[in-house]
Amino acid sequence: MPSNKSFKHKQDPHYLKAKKEGYRARSAYKLLDIQHRYNIFKRAFYILDIGSAPGSWLQVAKEIAEKNLVIYNDKYYHRDDYKIMGIDIKHITPINNIKILKGNIIEKEIEEQISSYFNDKLDLIISDASINKKGDKFSDHINQIRLCNDILDLTRKILKKKGIFVLKCFQGSDFKIFYDDFSKDFSIVKSYKPIGTKKKSNEIYLIGFKKKFKI
Ligand SMILES: C[S@@+](CC[C@H](N)C(=O)[O-])C[C@H]1O[C@@H](n2cnc3c(N)ncnc32)[C@H](O)[C@@H]1O
């Protein structure tokens with residue numbers, strides 16, 4: 001017998017829509033909503049997705065990057081091809097033309113592999129990475145902030161100047177401190193709850209525009 005939780009999940013309109021439209025997860029619509037609202041993929045050709053499994057953000061990133069090659073083929077910043085990399089601790093079923101890494105984002109070796117793949121030219125970093133929630137809101141929040149700090153540290157090193165960064169966070173006692181730290185590196189920062197975020201969830205996405213400098 002399916003649990004009440006999995007039954008509810010399977011009735012969820014975004015879950016059903018994702019199944020119908022061929023996305024691997026309902027989270028695809030969160031990224032599409034962020035894109036619709038903030039156009040984060042504008043002139044993005046080199047893209048890193050952190051915490052990618054099962055891969056719906058990678059699917060969205062690929063669709064948009066393919067369009068970008070045509071839309072932005074002009075005298076301004078453009079590239080002849082896109083590069084997308086996805087990283088997760090969990091297995092990601094391969095997607096054509098996307099480089100997949102299995103590992104923890106905090107590992108030095110992973111950082112080196114990212115840097116050498118993109119050669120420090122990353123236009124956009126998107127992270128939907130989230131800790132394994134244990135159910136205690138406070139400790140889940142603290143652990144997610146810790147993960148966010150690790151991802152922010154990495155982003156400081158590898159995102160190009162003026163690049164864009166999207167990061168999933170959990171609201172709670174330490175959110176403001178983290179938000180202030182995040183804000184130091186970007187000219188504009190927005191916090192946004194995209195459609196598809198569950199009502200009770202403390203999940204929120206931070207979007208940093210125009211990274212100020214590269215360490
Ligand atoms: C909500 S899921 C991502 C869903 C994905 N955006 C999609 O659309 O298919 C969060 C993922 O973050 C990954 N994750 C959590 N901590 C990580 C870490 N330190 N390094 C790499 N991946 C991590 C988890 O394994 C999990 O697969």
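## Around the ligand

A residue is near a molecule or strand if its C-beta atom, placed from the backbone, lies within 6 Å of it. This is a predicted model, in which local features need pLDDT of at least 70 and side-chain atom pairs count only at pLDDT 80 or more, while totals for chains, interfaces and linings use all residues. Residues are numbered from 1 along each chain as its sequence is written.

There are 22 residues around the ligand, and those that come nearest are S27, G51, S56, I105 and D128. Helix 4 and strand 2 are the elements that give two or more residues to this shell, where helices (H or I, at least four residues) and strands (E, at least two) are DSSP runs numbered from the N terminus. By residue type, the shell holds eleven nonpolar, seven polar and four charged residues; here Ala, Val, Leu, Ile, Met, Phe, Trp, Tyr, Cys and Pro count as nonpolar, Asp, Glu, Lys and Arg as charged, and the others, Gly among them, as polar.

## Paired strands

Strand 1 (residues 46–50) and strand 2 (residues 83–88) run parallel and are joined by five bridges, two strands being paired if DSSP finds at least two bridges between them. Within this pair, L48 stands opposite M85 of strand 2. On strand 2, G86 has I100 of strand 3 as its bridge partner, and strand 2 pairs with strand 3 (residues 98–102) in the parallel sense over five bridges.

Leaving aside neighbours within four places in sequence, I151 is in contact (C-beta atoms, placed from the backbone, within 7 Å) with I50, I105, S127, A129 and L167.

In helix 3 (residues 28–38), the buried residues are A28, Y29, K30, L31 and I34, and their cover includes helix 2, helix 4 and strand 5. Just after this helix, N39 takes a positive phi of about 50°.

F178 lies in helix 7 (residues 175–183) and counts as buried because it has 21 C-beta neighbours inside 10 Å. Beyond four places in sequence, F178 is in contact with I145, C148, N149 and C169.

Methods:
Contact = placed C-beta atoms within 7 Å. Buried ≥ 20, exposed ≤ 12 C-beta atoms within 10 Å, placed from the backbone.
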